[in-house]
Amino acid sequence: MPDDQKCILVVDDEDDICQIIKAKFEALGYRVLTANDGAEGFDKTEEGRPDCVLLDVRIPHGMDGLTYLRKIRSYRHDDLDLEARIRKTPVVVLTGVGAATMQPLFELEGISGFIEKPFDLGNLQSKIEHVLKLR
């Protein structure tokens with residue numbers, strides 16, 4: 001695996017969405033991790049240290065996306081570099097809820113953008129590539 005290979009974490013309770021995104025971005029050369037709730041996503045954030053997270057905020061079972069987001073934004077660790085990296089991880093919200101309605105909340109939580117479901121993979125790729133260039 002190349003050292004410069006970017007890693008994306010997809011946190012979504014719909015496994016088919018995780019697998020579609022995983023297949024698309026792995027074909028583009030990314031390393032892709034998936035999680036089906038916020039708790040699993042948090043563990044993978046600590047272990048895999050993704051460069052970007054795609055996050056569904058409405059997860060009905062387990063830790064929801066908003067709780068996950070708040071947990072990484074307030075992350076504490078003895079390794080201050082790791083703490084800073086995780087706290088500043090760019091997050092793009094995937095949502096079936098009207099994004100325009102939720103945009104103020106998302107901005108307060110420090111997200112890098114949002115994509116409404118259903119989404120176009122090309123638009124998703126453009127959004128992720130833009131976010132990663134800013135990092």
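With a relative accessibility of 1%, Cys-7 counts as buried, where buried denotes under 20% relative accessible area, exposed over 50% and partly exposed in between, for a 1.4 Å probe and protein chains only. The model is predicted, so that local features need pLDDT of at least 70 and side-chain atom pairs count only at pLDDT 80 or more, whereas totals for chains, interfaces and linings use all residues. Residues are numbered from 1 along each chain as its sequence is written, and side-chain values use heavy atoms, with hydrogens and water left out.

The structure holds zero disulfides, a disulfide being a pair of cysteine sulfur atoms within 2.5 Å. Cys-7 is in none, the nearest cysteine sulfur, that of Cys-52, lying 9.7 Å away. Cys-18, buried at 0% relative accessibility, has its sulfur 13 Å from the closest cysteine sulfur, in Cys-7, which is too far for a bond.

Helix 6 comprises the 14 residues 121-134, helices being DSSP runs of H or I with at least four residues and strands runs of E with at least two, numbered from the N terminus. The buried residues of helix 6 are Leu-124, Gln-125, Ile-128, Val-131 and Leu-132. These residues cover an arc of only 135° around the axis, which puts them on the same side of helix 6; the arc is that of the directions from the helix axis to the C-beta atoms. On the other side of the helix, Asn-123, Lys-133 and Leu-134 are exposed. At the start of helix 6, a side-chain oxygen of Asp-120 comes to within 3.0 Å of the backbone nitrogen of Gly-122.

Terms used:
Expected span 1.5 Å × (residues − 1). Polar contact = N/O pair within 3.5 Å; in protein donor to acceptor, adjacent residues only side chain to side chain.
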